[in-house]
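Dear colleague,

I am handing over the structure we spoke about, with the sequence alongside. Below it you will find notes on what came out of going through the coordinates.

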Amino acid sequence: MAQAIGKATASLEAGRNTKGGEIEIRPLGIGEDGTAFRRLNEEWITRHFVLEPKDRETLGDPENTILRKGGRVLIAYREEKAVGCVALIPMENGVYELSKMAVSPGLRGQGIGRKLLEHAIAEARKLAAKSLFLGSNSVLKSAVHLYESIGLRHVPPEQLPEMHYSRANVFMEMPLE
């Protein structure tokens with residue numbers, strides 16, 4: 001009985017409290033295939049906006065645009081299928097852009113995005129990040145609400161590093177120190 005309770009607890013901690021199975025978040029490593037990261041992001045961007053040159057650059061080569069610069073790409077898996085992602089892109093002076101967050105369309109609203117963000121914040125702290133920032137769009141009401149709920153606060157764009165996306169009209173940051 002105690003062993004069964006221990007296994008149940010481990011499953012909950014691994015992410016089983018989302019509907020439909022356990023969620024595991026793993027970093028994309030140098031030399032690993034970034035297709036899921038690109039596919040998940042292209043899906044949401046093209047649904048609401050258009051792919052911009054910076055999107056193509058980042059999604060086409062996450063190894064050189066993120067990983068080799070000291071950033072992270074985190075992928076959420078359910079039953080070994082990539083269902084979500086987020087990136088931490090290093091800027092200067094310990095500032096990281098929280099970027100390229102996406103969740104598979106049929107799985108939105110199940111807590112996967114929150115898990116990804118919480119994991120990304122924990123990773124940023126391990127990297128000794130001083131702060132996180134992001135640019136989003138007011139059309140993405142659920143995403144903006146999620147960002148607010150985890151502690152990101154709205155700021156004027158001039159307080160942040162340059163934003164490379166014309167679609168960005170919501171600007172947020174989170175101090176980590």
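I begin with E123, which is buried, its relative accessible area being 13% (buried means under 20% relative accessible area, exposed over 50% and partly exposed in between, with a 1.4 Å probe and protein chains only). E123 belongs to helix α5, residues 112-126, and, leaving aside residues up to four places away in sequence, E123 touches R72, L74 and L88, where a contact means heavy atoms within 4.5 Å.

Please bear in mind that this is a predicted model, in which local features need pLDDT of at least 70 and side-chain atom pairs count only at pLDDT 80 or more, while totals for chains, interfaces and linings use all residues. Residues are numbered from 1 along each chain as its sequence is written, and side-chain values use heavy atoms, with hydrogens and water left out.

As to the overall architecture, the protein has six helices and seven strands, which follow one another from the N terminus as α-β-α-α-α-β-β-β-α-β-α-β-β; helices (H or I, at least four residues) and strands (E, at least two) are DSSP runs, numbered from the N terminus. Of the 177 residues, 48% are buried, and among contacts between residues at least 6 apart in sequence, 64% join residues at least 24 apart.

The seven strands make an open sheet of mixed pairing in the order β1-β2-β3-β4-β5-β7-β6, two strands being paired if DSSP finds at least two bridges between them. Its edge strands are β1 (23-27) and β6 (153-154), each of which pairs on one side only. Strand β1 runs antiparallel to β2 (residues 72-78), to which five bridges join it, and I25 has A76 in β2 as its bridge partner.

Strands β2 and β3 are likewise antiparallel, with seven bridges between them, and R72 has L88 in β3 as its bridge partner; both of these residues are among those that E123 touches. The two strands form a hairpin with two residues between them, and E79 in the turn has a positive phi of about 50°. Nine of the 10 residues of β3 (residues 81-90) are buried, so this strand is largely enclosed by the rest of the structure.

Six bridges join β3 to β4 in antiparallel fashion, with P90 standing opposite Y96 in β4. This pair also forms a hairpin, with four residues between the strands, and N93 in the turn has a positive phi of about 55°.

With best regards
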